[in-house]
Amino acid sequence: MMAKIALFGATGYLGGHAVTRLVADGHKVRAIVRSPEKAELPAEVEVVQGDVTEPSTLPAALKGIDGVLIALNGGHHPERAAQVEELGVAHIASAASAAGVSRIVLLTGMYAQPAFADYPWERSKERGERSLLDGPVPATIFRIGFINETLAKFVRGGRPVIIGRQPHPIRLIAADDIMSAASRAFTIPETGNRVYDVAGEHPMLLREAAAAYASALTGKPFNPDQVRRMPLWFMRTINKLFLKGAMTRELGILASMNRYGDVTDTADWFRDFGVPQTSFEQWIAEQAQ
């Protein structure tokens, strides 16, 4: 196992799952955050100050580090997303090379590719990927599909709700299965400079998944026909008038899902990391408990 892994994005959604798995796997974890005094992390995690938008802060933060895991999210403002997920990742790549880091693992999304670059967030992520793949430090890229834990956002008032028609199947995957693979990527040389589409094994419709999750969460049975559908145009209006654009990024992802569905090709992912250990049914049973 790696002696020490630096984690960017430790206080975020995916980063929190990464901390849990890396610590459980025996890695020594250093969380690099903008405001260490505000970071609420386990006691065994070393917390140091660093800001990917200020590259001068990174050399000291990466001193003595063997591997880097990047789980950054620049938020819903396109300019900030570009600063963090494009330029920030490039800054990490440069500093990691100078520090002698031996592997970088980057977590992005399944739409982080040129075909979807009309969305500025996907464009920033794709350019961030490129800066790593073109750099001297071997990098492993995970383009992640729909994560099980995201279903929590699709229950409102105790009832399942989806946004858009969402007519295409998706293949959900548990966050811990993603992080388990990310943790192992540091120890598998063959995964360097590879891009993996990350998703589960079995397809289902979002309304089926939302109904199952709401049933587990509330103890009240729901079937897919009972899932309420909110039109994308309506949610865009709500986002603009009342939410100050806070859902712009999420609505962009849901619009892509509504149009294209799951665009992952998991053949390489299953070959090199194996089929995810947690089935959707197992995960749902855990939520019910």
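Helix 6 (residues 206-218) lies across strand 7, strand 8 and strand 10, in contact defined as heavy atoms within 4.5 Å. Its direction is at about 155 degrees to strand 8. Axes are lines fitted to C-alpha atoms, for helices over the stretch in contact, and angles run from 0 to 180 degrees between N-to-C directions. Helices (H or I, at least four residues) and strands (E, at least two) are DSSP runs, numbered from the N terminus. The model is predicted: local features need pLDDT of at least 70, side-chain atom pairs count only at pLDDT 80 or more, and totals for chains, interfaces and linings use all residues. Residues are numbered from 1 along each chain as its sequence is written, and side-chain values use heavy atoms, with hydrogens and water left out.

The three strands form an open sheet in the order 7-8-10, with mixed pairing. Pairing requires at least two DSSP bridges between two strands. Strand 8 (residues 159-163) and strand 10 run parallel, joined by three bridges. V161 has R228 as its bridge partner in strand 10.

The largest nonpolar core has 33 residues. Such a core is a set of buried Ala, Val, Leu, Ile, Met, Phe, Trp, Tyr and Cys residues joined through side-chain atoms within 4.5 Å; buried means under 20% relative accessible area (1.4 Å probe, protein chains only). F146, L151, L172, L206, M257 and F280 touch the most other members. Strand 8, helix 6, helix 7 (232-242), helix 8 (248-260) and helix 10 (280-288) each give two or more residues. Helix 6 gives the largest share, seven residues. Apart from this core lies another, of 31 residues, including A10, V33, I173 and F186.

Definitions and conventions: Buried means under 20% relative accessible area, exposed over 50%, partly exposed in between (1.4 Å probe, protein chains only).
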